[in-house]
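I am opening my notebook on this structure. I want to look up its side-chain links, one kind after another.

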Amino acid sequence: MSLLSFESICIFLLSQVLVILGLQEIHVDPEMIRKISAAGQLMQCSASLDVLFLLDGSYSIGKGSFERSKHFASKLCDALDMHPDRVRVGMIQFSSTPHLEFPLDSYLTKQEVKERIKRTVFRGGSTETGRALKYVLHKGFAGGRNSSVPQVLIIISDGKSQGSTAVPAMQVKKRHITVFAVGIKFPRWEELHVLASEPTEQHVLFAGDADDAANGLYSTLTSSVCSTTTPGCKVESHPCERRTLETVKELAGNYVCWKGSKLPNAVQASLCPFIRWKRVLVKHPSRCFRTVCPDPCDSQPCQNGGTCVPEGLDRYHCLCLLGYGGDVHCATKLSLRCSVDLLFLMDSSAGVTLEGFLRYKAFVRRFLQAVMGQDSPMNVGVAQYADDVRIPIELGQHKDVFSLVKSIDALNFSGGRALTGRALQYIAQHGFRSTPVFADVQDDLPHVVVLLTDSKSQDSVAEATKYLKDQNIFLIGVGSSFMRAELTKVTGNPQQMIVYSDPQDLFNRIPELQRRICSVDNPEGCQAQSLDLAFAVDASSGVGLENFLQLMGFVRSSCLHFIINRDVTQIALVIYGSKAHTVFALDTHTSNSAVLQAIDQAPFLGDSASAGSALLHIYGDIMTMQKGARPGVNKVVVLLTNGGGMGDAAAPAQQLRHNGILVFVVVIGGTRRDTLLRVAGSPNYLVHISSYEDLQYYQDLIIKRICEEAKSPVNLCKPNPCMNQGVCILGPGSYRCECHGWEGAHCESRVLRGDSLRSPVLPPHSHVQWSPRGLQHFSRVLRHTRRHVDQRH
């Protein structure tokens with residue numbers, strides 16, 4: 001049978017079968033999809049244009065598909081250059097009756113329009129598309145301009161109207177209104193073709209593929225209304241495949257049945273047809289009109305057999321073959337470029353399987369072949385574990401890649417339980433023992449353990465992880481996406497783990513592992529920045545228990561982005577209702593694992609909310625030297641709230657800012673923006689989120705802002721490091737405390753008559769320059785001294 005006759009049969013079936021449920025998709029090859037997506041970021045229709053959205057809000061659409069319609073409308077707005085003199089946008093929602101959501105002159109910026117679309121509420125009712133078109137004919141484009149400005153009507157519907165749409169659709173198009181018909185859910189495409197302007201191939205779109213449909217709309221408008229495309233981009237047609245899923249009646253076969261007979265008291269056996277319903281996929285080739293732009297990989301920038309992977313419009317990265325990747329174009333061999341003691345710890349338990357163990361051997365072998373040269377500055381060892389731990393390749397045993405790889409090939413699979421905690425403890429104690437050339441010379445290279453595992457530990461890892469940190473051993477966890485939660489627990493920090501999606505993807509992570517190993521002495525982001533960070537979490541009845549748990553989950557995952565100890569980041573947690581409660585202070589916990597455990601114990605309060613009392617509590621009882629706050633360290637408060645009880649928060653927030661403490665406000669839900677701005681002090685420190693479910697998507701933004709603050713200059717006298725009303729006086733790179741009735745570097749000891757106990761610290765007028773480790777020592781001495789004084793009195 002020829003291709004043409006097959007197409008004819010498909011078209012015949014499409015027109016003849018009884019359609020119960022129809023679904024159309026437009027399938028394009030992956031290369032075209034990537035170019036369409038790239039073009040979408042460049043598109044901008046900049047012309048005098050009135051655009052009116054006509055959204056189907058009927059019950060046949062349903063609330064879920066209505067939300068997808070809103071998302072598509074918002075996506076189209078990205079391609080429109082909105083301005084009072086250029087593109088204006090309005091919206092009508094229709095079901096039983098049409099309803100004007102907003103006219104074209106209500107919102108004149110893209111952000112305002114998108115926010116208003118997002119707030120549109122589903123109405124429900126029957127699908128009266130014809131009545132909606134008559135409304136447009138009668139009322140016109142509300143808020144639009146004169147007839148010289150082109151008008152575009154974008155109908156987003158499933159095409160299942162209760163009545164005929166042919167006559168009003170024809171009348172709309174006679175008014176020289178360009179009509180786009182966009183299918184949503186399971187559309188009736190025949191009706192959408194009736195609604196759309198000619199040629200229908202360019203005016204009928206599918207909202208399920210939002211990027212593709214937005215590109216198609218822009219491409220059609222470019223030829224008539226919009227300005228020309230971006231240099232290098234062009235509108236072109238390309239083959240695409242349309243599919244329709246239909247339910248048809250089918251003869252399943254003939255079965256014996258009983259019929260009546262002319263003879264009395266008799267029946268007659270016969271064969272009767274058996275009918276059943278079957279879903280049939282009907283497809284036929286078509287052509288789509290889209291704007292495509294040059295691909296950054298078109299110039300084939302990757303050398304030595306590397307594969308180019310585009311990242312947006314003008315960026316790309318190269319996946320390099322083994323032995324290449326020293327630069328972005330795979331031109332030179334990888335090199336660690338850093339001196340470390342590196343120990344690979346491979347899971348050899350039954351959970352990882354023989355196949356997984358062999359894969360990890362191959363990964364270690366390829367990694368070392370790629371990064372080790374003749375004069376490599378690193379020492380390498382390999383260990384494996386299951387029930388027991390072995391170090392078959394001692395650290396620094398092999399200095400050349402060939403002998404090292406040969407030893408790795410000889411390793412055998414063990415099987416048994418995955419006792420990861422025990423293995424880490426053993427490695428920390430025995431893995432980095434080496435015999436120096438000279439007895440008085442110590443190996444001071446950073447110690448790095450790379451854990452390769454794909455099975456959950458069958459023993460506790462908490463103590464082992466803490467012991468590794470105490471021994472200054474840097475742990476990097478490598479595992480599949482299935483192991484993400486386990487690796488987070490083992491490493492305590494997402495910056496110290498590498499997760500791969502499939503076996504081949506593991507080998508693509510070689511450059512990433514190289515970077516992680518060499519970042520031991522050069523942490524990225526705010527990992528190396530000292531910071532005192534306090535979270536204030538609304539635990540009132542207005543938030544509710546379920547949402548409170550989501551807020552605490554956000555706090556928990558945020559803490560994973562910081563290295564928590566006395567020298568880097570200290571974290572405090574306060575919850576509040578009508579009163580504030582300290583869950584833990586800045587100096588309570590000195591490790592990530594301890595903080596995470598304490599967060600899980602925070603109780604829900606459930607009374608009324610007072611954000612002001614929480615901020616006052618943080619000012620007086622958290623961000624103080626007595627509670628562990630450090631002079632010369634940036635300080636941030638993150639307030640998480642639903643916006644209730646904010647009326648009393650502006651003054652204490654201003655007091656915190658006046659003392660050099662940043663207040664970052666994260667609000668979930670609707671609250672007056674002017675009230676929130678008074679508390680945050682600036683739009684830069686206010687994040688407004690529509691729902692608790694969306695909170696996770698803003699974490700990277702919030703962490704980035706906090707890290708920016710951690711790197712900003714510090715005023716050593718804000719907040720005042722001097723206790724007991726002492727006055728802080730700045731000097732060049734230092735400060736001193738002027739005390740009255742008290743003494744000590746921070747006015748911490750009362751002046752006593754006679755033979756008094758003096759604080760073992762610097763004189764009151766000494767210039768003080770504190771390091772984090774010095775502050776830690778000072779804090780211990782101060783607490784000991786105050787206890788001694790209290791016992792004397």
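**Entry 1**

I started with D532 and K635, and both are buried. The two side chains form a salt bridge, with their closest N and O atoms 3.4 Å apart. I then placed the residues: D532 is in strand β18 and K635 in strand β21, so the bridge links parts of the chain 103 residues apart. I note that the model is a predicted one.

I looked up the accessibility of each. D532 has 0% relative accessibility and therefore counts as buried. R630 has 5%, and counts as buried too.

**Entry 2: a salt-bridge network**

I asked for the total and got 18 salt bridges in the structure. One network links D505, R509, E512 and R516. Within that group I checked E512 and R509, whose side chains meet at 3.1 Å, N to O. Are these two buried or exposed? E512 has 15% relative accessibility, which puts it among the buried residues because the limit is under 20%. R509 has 24% and counts as partly exposed.

**Entry 3: disulfides**

How many disulfides does a search of the whole structure find? It finds five. I wrote up three of them.

C257 and C272 are joined, S to S 1.5 Å. The link is right-handed, with 50° about the S-S bond. C257 is in strand β8 (residues 234-260) and C272 in strand β9 (residues 267-292), 15 residues apart. C257 counts as buried at 16% relative accessibility.

C717 and C728 also form a disulfide, with 1.9 Å between the sulfur atoms. Why is it left-handed? Because the torsion about the S-S bond is about -70°. C717 sits in the loop between α22 (699-710) and β24 (727-731), and C728 in strand β24, eleven residues apart. Both cysteines, C717 and C728, are buried.

For C722 and C737 I noted S to S 2.0 Å. The torsion about the S-S bond is about -90°, so this disulfide is left-handed. C722 lies in the loop between α22 and β24, and C737 in strand β25 (residues 734-738); the pair therefore ties together parts 15 residues apart in sequence. C722 is buried, with a relative accessible area of 7%. C737 is buried at 0%.

I also looked up two further cysteines. C77 is buried, with a relative accessible area of 0%. C559 counts as buried at 1% relative accessibility.

**Entry 4: aromatic rings**

A search of the whole structure gave me eight aromatic pairs. I took F66 and F122 to begin with: the ring centres are 5.5 Å apart and the planes at 55°, so the pair is tilted. F66 is in helix α3, and F122 is in the loop between α4 (110-119) and α5 (129-139), 56 residues apart. F66 is buried, with a relative accessible area of 0%. F122 is buried as well, at 19%.

Next came F344 and F367. Their ring centres are 5.9 Å apart and their planes at 70°, so I logged the pair as edge-to-face. F344 is in strand β12 (residues 341-347) and F367 in helix α10 (residues 353-371), 23 residues apart. F344 has 0% relative accessibility and counts as buried. F367 has 0% and counts as buried.

The charged end of R366 sits over the ring of F507, 4.1 Å from the ring centre.

**Entry 5: F72**

Last, I looked up F72 in helix α3 (residues 62-77). F72 is buried, with a relative accessible area of 0%. Which residues is F72 in contact with, leaving aside its neighbours within four places in sequence? They are I156, V182, A207, A210, A213 and A214. I also checked F72 against D211: they are 139 residues apart in sequence, and 8.5 Å apart in space from C-alpha to C-alpha.

Technical notes: Residues numbered from 1 in each chain as written. Predicted model: local features only at pLDDT ≥ 70, side-chain atom pairs only at ≥ 80, totals over all residues. Heavy atoms only, no water. Disulfide = S-S within 2.5 Å. Helix = DSSP H or I, 4+ residues; strand = E, 2+ residues; numbered from the N terminus. Buried < 20%, exposed > 50% of the residue type's maximum accessible area, 1.4 Å probe, protein only. Contact = heavy atoms within 4.5 Å. Phe/Tyr/Trp six-rings, centres within 6.5 Å; stacked < 30°, edge-to-face > 60°. Lys NZ or Arg CZ within 6 Å of the ring centre and 35° of its normal. Salt bridge = Lys/Arg side-chain N within 4 Å of Asp/Glu carboxyl O.
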